[in-house]
Amino acid sequence: MSRKLLLENAHIEGINTYDVYRKNGGYRSVEKALKSMSPDDILEEVKKSGLRGRGGAGFPTGMKWSFLAKPDGVPRHLVCNADESEPGTFKDRYLMEKIPHLLIEGMIVSSFALGANQSYIYIRGEYMYVLQILEKAIKEAYDNGWLGKNIQGSGFDFDLAVTPGAGAYICGEETALIESLEGNRGNPRMKPPFPAVKGLWQRPTVVNNVETIAAVVPIVNDGGDEYAKIGIGRSTGTKLISASGNINKPGVYEIDLGLSVEEFIYGDDYCGGIKNGKKLKACVPGGSSVPILPHYLVCKTAEGNDRLMTYESLSEGGFETGSMLGSGGFIVYDEDQCIVRNTWNFARFYHHESCGQCSPCREGTGWMKKVLHNLEHGKGKQEDIDLLWDIQSKIEGNTICPLGDAAAWPVAAAIRHFREEFEWHVKEPSLSQEKNYGLVTEKQFETETA
Amino acid sequence: MADENKIKVTIDGKSVEVDPGTTILDAARQVGGDVVPPAMCYYSSLEGSGGKCRTCLVQVTKGSERDPRPMPKLVPSCSTAVMDGMEVSNKTSDRVLEARKGVVELLLINHPLDCPVCDQAGECHLQDLAFEHGVSQSRYDFKRREFDKVDIGEYIKLHMTRCILCYRCVYTANQLTENREHGVLKRGDAAEIGTFIEKNLKNDFIGNVIDVCPVGALTDKTFRFRSRVWYTKPMDAHRNCEKCSGKSVLWMVGDEVTRVTARKDEYGEVKEFICNDCRFDSKDVSKWTIEGPRKIKRHSVISANHYSKEIPKHTTLLNKA
Ligand SMILES: Cc1cc2nc3c(=O)[nH]c(=O)nc-3n(C[C@H](O)[C@H](O)[C@H](O)COP(=O)(O)O)c2cc1C
Ligand code: SF4
Ligand code: SF4
Ligand code: FES
């Protein structure tokens, strides 16, 4: 069973209220930081902890913070990315809903470390009820002297506001988020300049995921070294995983990084195995953007190593035979699921969410969606499979922001590992329509390891 | 002798010394000729433009003298600054040509390809681009995106179906006029140019959106369908104007001024924007001092004289429509 650094108290009755949260040790990190630590001390602890961004890219948080420009007389900001819109990902919602004060506490210590006196939480528009939970918690924090002027007599002034988006996945991309926060259309900006130099209102800005900011609380409380003891290699600490799909126990799990994928899927403390005694067919381990893995590459890598829940192990083999930890949106598919249908579904999402700024993504996502629609609906041609491959290759790497890549990768991985199933849809159009699911052959399961 | 403050960049084997901060595209333009990547969205006088169309992607094979590592991804030359000692491949890189071919194909999948009835034909950057880099057959067999035509005020027609969302008109409207009335609505391939919402744009300089538009999405209603551009003769001319420099190009058929535009350089860029009075309300040749015929360098279609002199029938038909 993994340790719980973030969700330990999540089940306590009333933990979403200030009094209960405080009684259970809440806001200790702020007391400690303001009384006995300098901003640089906190940065040092975060660096030691090895914490990596939990929003998807896994960039080391301490390094990101140390890049923040600090010109004299220019305010700096911390922006919390709570736009969480990646299909398969719902961990931040859980955290904010259950223990909103943990995020607020993390915002205060992190902003203190960065020298920000005004910070923001940007929350996805569909999370309106979570916004209300956060607003209530923020008010409680103000009422109890954790926000506002001269916090706990420390001389540190800090204001926190939460702002909803209007329902766009792209506003989770950090520069689009900044545009949106400024009141503009949420188009990603070109980098450089990076937000650390010119972010919100052209001021130095750090954008971090909800979970990243929450993880700073135990790091300050217990020290970075203590945090780094959990995990393997460069994957330290705990990670929230949103597990969904054909498993017995979907939900949000806090795991120690380094847990084996096999235990995560089949262990009773976690997903509890595949539902209805079916077989595992495939897994998307890190949210819809990351490559899908066929069952024989889920629990073992191509090299035959155990696949672990770490940044490194999940990406072992590169895109040929690996995937990514991404945002921790862990989606499991059983033998009845159709990969073509799933790929089409993801393609619909990226087409719908492209901001339309750059031509490869704007036009390419729509084209892929249409070709996949035909394939899934028994109207595909053999050439369509190569065409799809070609379109995704023209998008990948050629766009302003990574949404283009995120649209291309799932298509590429599905064709790479499940080409046969695509071909079956072309060769057996009526059969593929009759059966609501994809190709199931014995051969596919010959190499089953799990 | 090398200027101390200049930095050296080599593009397709040709070296040039430029000021620090220059983009790869501008450096390539200083070299001129073949090494210049095509640019559909960048417009040097419009702040913030560029980076969107991706036709100008190039490969940086050497980052700089100090850090010679190549850049892993292709970069948009219009918005990437040169470094001292940088080496860039444009036409000499197969990867660039392949990516560009892809961009052109993608730009065309939703384009109506209605060149025979489009006012921009003959001076359209998309036509040029497709001609130079495209593939002759489209692999796209779905219905193309369509929008209704909209009047933007008295003089300008928006034919959104042809738009490539380069955002140049948005920057022009934002930077040359006072109120933010012109922008992009919706997203992805449903995105469209909106005038919040179909409000007439009245500003004295709004006519310039026509000149910056690389395709036939924004056209001059006082000129639409009066003639094909290649039957008109461009003449440099000027007039005394209180609002702008008055330096324009008159597109003449005989003694008649069919259209007035600003002067564009060989990359299709206007350096001096003109006002609506000159553009729309000065069609009387006596109002102008004619300087002489204008040489149009860039546009393959006009200059290479690809078309016959006979007026095609559908053009006449459209005149009545
Ligand atoms: C299309 C797109 C959507 C994204 N959505 C989110 C999101 O919802 N939440 C998030 O934390 N990061 C998201 N990201 C990643 C952010 O750009 C950014 O890297 C992240 O917020 C940084 O935080 P971290 O360093 O704490 O991970 C998204 C990126 C892209 C390209
Ligand atoms: S890649 Fe897609 S979402 Fe990102 S800027 Fe380009 S069009 Fe917008
Ligand atoms: S209308 Fe023309 S100038 Fe405006 S975005 Fe479209 S193509 Fe560009
Ligand atoms: S001109 Fe550079 S991206 Fe359009």
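**Close-up views of the interfaces and ligand sites in a predicted model**

Between chain B and chain A, about 2,700 Å² is buried, and carbon and sulfur atoms give 50% of this area. Buried area is the accessible area (1.4 Å probe) that two parts lose on being put together, summed over both. This is a predicted model, in which local features need pLDDT of at least 70 and side-chain atom pairs count only at pLDDT 80 or more, while totals for chains, interfaces and linings use all residues. Residues are numbered from 1 along each chain as its sequence is written, chains are lettered from A and ligands numbered from 1 in the order in which they are written, and side-chain values use heavy atoms, with hydrogens and water left out.

**View 1. The interface of chain B and chain A.** On the chain B side, B:Leu106, B:Phe142 and B:Arg187 lose the most area to chain A, together 26% of what that side buries. Contact, meaning heavy atoms within 4.5 Å, involves 35 residues of chain B and 33 residues of chain A. Five salt bridges are counted between the two chains, a salt bridge being a side-chain nitrogen of Lys or Arg within 4 Å of a carboxyl oxygen of Asp or Glu. One of them joins A:Lys381 to B:Asp141, with the closest N and O atoms 3.4 Å apart.

**View 2. Elements and residue classes on the chain B side of the same interface.** Helix H2 (94-109) and strand E8 (183-185) of chain B are the elements that give two or more residues to the side touching chain A. The largest share, eight residues, comes from H2(B). Helices (H or I, at least four residues) and strands (E, at least two) are DSSP runs, numbered from the N terminus. By class, this side of chain B has 16 nonpolar, six polar and 13 charged residues. Ala, Val, Leu, Ile, Met, Phe, Trp, Tyr, Cys and Pro count as nonpolar, Asp, Glu, Lys and Arg as charged, and the others, Gly among them, as polar.

**View 3. Domain 1 and domain 2 of chain A.** Chain A is assigned domain 1 (18-222), domain 2 (232-334) and domain 3 (339-434); the bounds come from an automatic or database domain assignment. The centres of domain 1 and domain 2 of chain A, taken over C-alpha atoms, are separated by 28 Å. In this pair, 20 residues of domain 1 of chain A are in contact with 24 residues of domain 2 of chain A. The two domains bury about 1,600 Å² between them, 49% of it given by carbon and sulfur atoms. A:Arg52, A:Arg54 and A:Phe90 supply 35% of the area that domain 1 of chain A buries against domain 2 of chain A, more than any other three residues. Two salt bridges are counted between these domains, and 17 residue pairs are in polar contact (both at pLDDT 80 or more). Helix H5 (residues 91-98) of chain A gives the most to the side of domain 1 that touches domain 2, with three residues. That side divides into seven nonpolar, eight polar and five charged residues.

**View 4. Domain 1 and domain 2 of chain B.** The assignment for chain B gives domain 1 (7-99), domain 2 (108-220) and domain 3 (229-304). Between domain 1 and domain 2 of chain B, about 1,200 Å² is buried, 66% of it on carbon and sulfur atoms. In domain 1 of chain B, B:Met40, B:Leu46 and B:Lys52 lose the most area to domain 2 of chain B, together 49% of what that side buries. The count between these two domains is zero salt bridges and seven residue pairs in polar contact (both at pLDDT 80 or more).

**View 5. The site of ligand 1.** Of the 18 residues around ligand 1, A:Gly55, A:Lys64, A:Asn208, A:Asn209 and A:Thr212 come nearest; a residue is near a molecule if one of its heavy atoms lies within 4 Å of it. Oxygen atoms of ligand 1 lie 2.7 Å from a polar backbone atom of A:Gly55 and 2.9 Å from a backbone N or O atom of A:Glu84.

**View 6. The shells around ligand 2 and ligand 3.** Among the 13 residues around ligand 2, A:Cys355, A:Gln357, A:Cys358, A:Cys361 and A:Cys401 come nearest. The shell of ligand 2 has eight nonpolar, five polar and no charged residues. The shell of ligand 3 has 12 nonpolar, no polar and no charged residues, including B:Cys163, B:Cys166, B:Cys169 and B:Cys213.

Definitions and conventions: A polar contact is a pair of N or O atoms within 3.5 Å; within protein, one must be able to donate a hydrogen and the other to accept it, and residues adjacent in sequence count only if both atoms are side-chain atoms.
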